[in-house]
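Let's take a walk through this one together. Have a look at the chain first, and then we'll go through its parts.

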Amino acid sequence: MSTSETSRYVRLRVELVVEIDDADAVAKAALRRIADDPDMPESERAYTESAVTEDAAEAVAYLVEPSVLLGEVPGVELAQASWSSEIVDYDPDSPDWALGEDDEPGGDEDDEGVRLG
């Protein structure tokens, strides 16, 4: 691909922290979506049902649809998406959870806290 072809693509990074106040409701919603998925092979169905029942993070990840995040943005088509979820210890008062920390002027920090850029 030439530069003019690849410049049409934008990587959009979104990080969400969600609070699950009813893990049972999330699991049930994921199980309903699995049951309603005619394209899911039976060989995957039991594994997926078990994963979303045992792990609320898996249930949330199964329910998230990146194409829905784009909504009806004119002139934009989802080319590729990947996402994951994990249970985390969240402290909204901790500086580790400050929004926009990757966008500070002067570059980013690497994993060891060294300022880059």
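Which residues in α2 meet which residues in α3? On the α2 side they are Ala27, Ala30, Leu31, Ile34 and Ala35, and on the α3 side Arg45, Thr48, Glu49, Val52 and Thr53. Contact here means heavy atoms within 4.5 Å.

Before going further, a word on what you're looking at. This is a predicted model, in which local features need pLDDT of at least 70 and side-chain atom pairs count only at pLDDT 80 or more, while totals for chains, interfaces and linings use all residues. Residues are numbered from 1 along each chain as its sequence is written, and side-chain values use heavy atoms, with hydrogens and water left out.

Now the overall picture. The chain has five helices and zero strands, so reading from the N terminus you get α-α-α-α-α (helices are DSSP runs of H or I with at least four residues, strands are runs of E with at least two, and both are numbered from the N terminus). Of its 117 residues, 12% count as buried; buried means under 20% relative accessible area, exposed means over 50%, and partly exposed is in between, using a 1.4 Å probe and protein chains only. The accessible surface comes to about 10,100 Å², and 48% of that belongs to carbon and sulfur atoms (areas come from the Shrake-Rupley method with a 1.4 Å probe, and for residues only the protein chains shown count as cover). Among contacts between residues at least 6 apart in sequence, 39% join residues at least 24 apart.

Back to α2 and its partner α3, which covers residues 42-54. Their axes come within 9 Å and cross at roughly 165 degrees. Axes are lines fitted to C-alpha atoms, for helices over the stretch in contact, and angles run from 0 to 180 degrees between N-to-C directions. The two helices are therefore roughly antiparallel to each other; angles under 35 degrees count as roughly parallel, over 145 as roughly antiparallel, 65 to 115 as roughly perpendicular, and the rest as oblique. The crossing of α2 and α3 is right-handed, where right-handed means the near helix is turned clockwise from the far one by less than a right angle, and left-handed means anticlockwise. The residues of this contact divide into six nonpolar, two polar and two charged. For those classes, Ala, Val, Leu, Ile, Met, Phe, Trp, Tyr, Cys and Pro count as nonpolar, Asp, Glu, Lys and Arg as charged, and the others, Gly among them, as polar.

At 49% relative accessibility, Thr53 counts as partly exposed. Leaving out residues up to four places away in sequence, Thr53 touches Ala27 and Leu31. Thr53 and Ala30 are 23 residues apart in sequence, yet 8.4 Å apart in space, C-alpha to C-alpha.

Helix α2 (residues 23-35) also packs against helix α4 (residues 56-63), at an angle of about 45 degrees and with the axes 9 Å apart. That makes α2 oblique to α4. Their crossing is left-handed. From α2 the contact takes in Ala23, Val26, Ala27, Ala29, Ala30, Arg33 and Ile34, and from α4 Ala56, Ala59, Val60, Tyr62 and Leu63. By class that gives eleven nonpolar, no polar and one charged residues.

What about α3 and α4? Their axes come within 5 Å and cross at roughly 120 degrees, which makes α3 oblique to α4. Here Thr48, Ala51, Val52 and Glu54 in α3 meet Ala56, Glu58, Ala59 and Tyr62 in α4.

Last stop: Ile20, in the loop between α1 (3-6) and α2. Setting aside neighbours within four places in sequence, Ile20 is in contact with Val26, Ala56 and Val60. At 33% relative accessibility, Ile20 counts as partly exposed.
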